[in-house]
Amino acid sequence: MFLNKISIINYKNIREAAIELSPRINCLIGQNGEGKTNFLDAVYYLSFCRSAFTPIDSQLITHGQDFFVLEGDYTTDQGAPINIYCGMKRGVKKRFKRDKKDYKRLAQHIGLIPLIFVSPADTTLIAGGSEERRRLMDMVICQYDVAYAEALMRCNKALQQRNALLKMEEEPDPALMDIWEDEMATQGELIYRKRDEFVRALTPVFQDIYQTIAENKEEVALRYVSHCQRGPLIDVIRRDRAKDRAVGYSLHGVHRDDLEMMLGEYQMKREGSQGQNKTFVLALKLAQFDFLKRTVSASVPLLLLDDIFDKLDARRVEQIVRLVSADNFGQILITDTNRDHLDRILQHSALDYKLFEVSNGEITQRREGGHVQA
């Protein structure tokens, strides 16, 4: 998939922009706070119907304005054009259109434009709670597996209903509790199998990429942990119903799954340096790109790399430059405050590229060149 052109009106600090992109490498240079990340977030929004950073759409509208509009013109890997439009006014539900036709459900759009976004905020995957790591798995799997997305929605609905029953002052109806627990278990078992398959397939690719960047100096691993590993999920859920009733929410289920991130025999969040944490997350995201590229046969994902070189030593930067300048990726959008990093990527690559400068929400093309390798 290639984003040929994006139009932005009143999105964060970008008041108006209409940018034509290279199908291969697009570099955005500018100081922090000028709008580079906001531009990438607008591209992300057109893939996922939401911002990568906030779930509240009204906070995305430029201060003093009443609406925002995003529009992207894409070309599939098979050469077919696709137009995606999103518009939102304050206090009014947003509208998403594909080729001028409204979606009935936004879930129908997820996966059409596969995308991997690497940003400094991703360090929360290591330091943050388990919900961040579950979201990581869910965002990738939902892009290629419709059944998984449906199971996730059904499971979350059952969880909400069971929690509502647990919070009741009077004793909840046991038959109704059974219904929601059965649904949690049925959908949860499916979710567990899909997550387990995903982690098993992702891990060797992730380890290979990490070893390349770290030059084989460190051993890393991913370890998936789930209540489903204790036996039939329905038994695990019902075993502690009385305890759940006491606390007022469900203590067991796939909503408590975790993806442990290991450096040697220890958890990365306890042992990893800033550079190791950043390398870990970058390798994980690049492995996800490779996974989606092999899984979503109709489209190569877009790759968004936001300020990936900060806190890394020169040797790791050099390995990353070699990785991202190779021609096994599709379209790349990459930002940095350091012009030298981006120039080195362009020097290493014979691919088509464009270079943009971002200042106070304004995006100006500075240079283009190179050629697309066959």
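Trainee: Leaving aside its neighbours within four places in sequence, which residues is K36 in contact with?

Mentor: Contact means heavy atoms within 4.5 Å. By that rule K36 touches L28, I29, G30, Q31, T335, D336, T337 and V358, once its neighbours within four places in sequence are left aside. Keep in mind that this is a predicted model: local features need pLDDT of at least 70, side-chain atom pairs count only at pLDDT 80 or more, and totals for chains, interfaces and linings use all residues. Residues are numbered from 1 along each chain as its sequence is written, and side-chain values use heavy atoms, with hydrogens and water left out.

Trainee: Where does K36 lie?

Mentor: Look in helix α1, residues 36-48. Helices (H or I, at least four residues) and strands (E, at least two) are DSSP runs, numbered from the N terminus. From K36, the side chain reaches the backbone oxygen of Q31 at 3.1 Å.

Trainee: How many salt bridges does the structure hold?

Mentor: There are 23. In one of them, the side chains of D258 and R133 meet at 2.6 Å, N to O. This pair links distant parts of the chain, 125 residues apart: D258 is in strand β10 (residues 258-263) and R133 in helix α3 (residues 130-141). Both ends are buried, with a relative accessible area of 18% for D258 and 5% for R133.

Trainee: Which residues form salt bridges with R241?

Mentor: Start with D178, whose closest atom pair with R241 is 2.8 Å apart, N to O. Here R241 in helix α7 (residues 241-247) is linked to D178 in helix α5, 63 residues apart. R241 is partly exposed at 24%, and D178 is partly exposed at 28%. Another partner is E181, where the side chains meet at 2.6 Å. E181 lies in helix α5 and R241 in helix α7, so this pair ties together parts that are 60 residues apart in sequence. E181 counts as buried, at 0% relative accessibility. Through shared partners, salt bridges join R162, D178, E181, D182, R238, R241 and D244 into one network.

Trainee: How many aromatic pairs are there?

Mentor: The structure holds 13. Rings of Phe, Tyr and Trp (its six-membered ring) pair if their centres lie within 6.5 Å; planes under 30 degrees apart count as stacked, over 60 as edge-to-face and the rest as tilted. Y192 and Y224 are stacked because their ring centres are 5.6 Å apart and their planes are at 25°. Y192 sits in helix α5 (residues 174-214) and Y224 in strand β9 (residues 220-225), so the pair ties together parts 32 residues apart in sequence. Both residues are buried. Elsewhere, Y11, Y45, F68 and F96 make up one aromatic cluster.

How values were computed: A polar contact is a pair of N or O atoms within 3.5 Å; within protein, one must be able to donate a hydrogen and the other to accept it, and residues adjacent in sequence count only if both atoms are side-chain atoms. Buried means under 20% relative accessible area, exposed over 50%, partly exposed in between (1.4 Å probe, protein chains only). A salt bridge is a side-chain nitrogen of Lys or Arg within 4 Å of a carboxyl oxygen of Asp or Glu.
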